[in-house]
Each structure stands twice: as C-alpha cells, then as structure tokens.
Amino acid sequence: RSSIRAEDSGCVITEHWISLTSPYSGRSLNIYDRESARWEQFWVDSTGARVHLIGGPTAAGMRVTTAAPVLVAPGQRAYSRMTFTNNGDGTVLQLGEQSADGQTWSTAYAFIYRRRAEE
C-alpha cells in the first residue's frame with residue numbers, strides 16, 4: 001500500500017509504502033532537477049537498503065535507472081531501473097528490472113498502482 005503526494009509546485013513527489021505481505025516498508029523522494037532537466041529518485045527501505053535512480057519521461061510514462069550497480073541480494077550487485085507506464089484504465093504499471101551489464105534487462109517485479117476506493 002502506498003501514499004503518494006505531489007508537493008512543492010509538482011517538483012517533488014513523496015511516496016510512503018508498506019508491504020501487505022510482510023513487515024517491510026520504505027519511502028521515496030522524487031525530485032525534478034531544473035539544472036539537469038532530469039528526475040531523481042532517492043529510495044530507502046526498512047532493511048537499510050538505499051538506491052539513487054535518475055531518468056525522465058518516456059512516451060508512456062517515466063523511467064529511472066541507477067548510474068552504477070547496487071546491492072540486490074547478499075553479495076550480488078546489478079543495475080536497477082523502474083519504468084512507470086500509464087494504463088488506459090487509470091492504473092499505473094511499475095516494472096522493476098535488473099541488469100548485470102546495464103544492457104540486458106530481466107524483470108524483477110511488476111506492480112499495478114490503482115487508487116484506493118474512498119472509505
């Protein structure tokens with residue numbers, strides 16, 4: 001479950017999330033850097049993991065990628081990227097991928113974001 005808010009004239013997007021299946025949570029701070037004209041995401045979780053991703057808009061949404069390999073499992077490093085795609089039904093696909101070389105990518109996860117019904 002995520003809580004996502006646009007702040008500071010739309011130049012900052014904050015997300016606080018929690019896993020529904022385990023005691024795992026985290027947050028991301030997404031900022032637009034006017035100087036580089038790119039978006040940056042600073043992602044942290046409850047295990048102490050942290051990731052810095054950089055990118056920008058695509059034809060279908062947004063893509064951010066790590067500049068260097070990050071720890072993805074004990075003793076294993078890989079490049080990481082996330083692609084957010086707007087779907088016609090109002091949902092958003094978040095596709096997480098990993099790559100050993102930064103060229104060939106494999107899917108690590110695929111999440112669908114949908115607005116929660118008002119309670």
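A residue is called buried here when its relative accessible area is under 20%, exposed when over 50%, and partly exposed in between (1.4 Å probe, protein chains only). By that rule Trp17 is buried, and Trp43 is buried as well.

This is a predicted model, in which local features need pLDDT of at least 70, side-chain atom pairs count only at pLDDT 80 or more, and totals for chains, interfaces and linings use all residues. Residues are numbered from 1 along each chain as its sequence is written, and side-chain values use heavy atoms, with hydrogens and water left out.

**Confidence**

The term pLDDT stands for the predictor's confidence in each residue, from 0 to 100. For this protein the mean pLDDT is 92, and 98% of the residues reach 70 or more. Strand 7 (residues 70-73) has the lowest confidence, with a mean of 85, while strand 9 has the highest, at 96. Strands (E, at least two residues), like helices (H or I, at least four), are DSSP runs numbered from the N terminus.

**Strands side by side**

Two strands pair if DSSP finds at least two bridges between them.

| Strands | Direction | Bridges |
|---|---|---|
| Strand 2 and strand 3 | antiparallel | seven bridges |
| Strand 3 and strand 4 | antiparallel | eight bridges |
| Strand 4 and strand 5 | antiparallel | six bridges |

Strand 2 and strand 3 make a hairpin, with six residues between them. Within this pairing, Ile13 has Asn30 of strand 3 as its bridge partner.

**Aromatic rings**

A pair of aromatic rings is described by the distance of the centres and the angle of the planes. Rings of Phe, Tyr and Trp (its six-membered ring) pair if their centres lie within 6.5 Å; planes under 30 degrees apart count as stacked, over 60 as edge-to-face and the rest as tilted. How many aromatic pairs does the structure hold? There are four aromatic pairs. One of them is the stacked pair of Trp17 and Trp43, at 5.9 Å centre to centre and 20 degrees between the planes. Trp17 belongs to strand 2 (residues 12-18) and Trp43 to strand 4 (residues 38-45), so this pair ties together parts that are 26 residues apart in sequence. The pair of Tyr32 and Trp39 is tilted, because the ring centres are 5.6 Å apart and the planes stand at 55 degrees. Tyr32 is partly exposed, at 33% relative accessibility, whereas Trp39 is buried, at 15%. Trp17, Tyr24 and Trp43 together form one aromatic cluster.

**The nonpolar core**

A nonpolar core is a set of buried Ala, Val, Leu, Ile, Met, Phe, Trp, Tyr and Cys residues joined through side-chain atoms within 4.5 Å. The largest one here has seven residues, among them Trp17, Trp43, Val51 and Val64.

Val51 lies in strand 5 (residues 50-57) and is buried, with a relative accessible area of 15%. Contact means heavy atoms within 4.5 Å. Not counting residues up to four places away in sequence, Val51 touches Gln41, Phe42, Trp43, Thr66 and Val70. Val51 and Thr66 are 15 residues apart in sequence, yet 7.4 Å apart in space, C-alpha to C-alpha. With neighbours within four places in sequence left aside, the contacts of Val64 include Trp39, Leu53 and Met82.

**Charged pairs**

Side chains of opposite charge can pair when their charged atoms come close. A salt bridge is a side-chain nitrogen of Lys or Arg within 4 Å of a carboxyl oxygen of Asp or Glu, and the count comes to two. Arg5 and Glu7 form a salt bridge at 2.8 Å, N to O, and Glu7 is partly exposed, at 23% relative accessibility. Glu97 and Arg81 form a salt bridge at 2.7 Å, N to O. This pair links distant parts of the chain, with Glu97 in strand 9 (residues 92-99) and Arg81 in strand 8 (residues 76-86), 16 residues apart. Glu97 is buried, with a relative accessible area of 9%, and Arg81 is buried at 14%.
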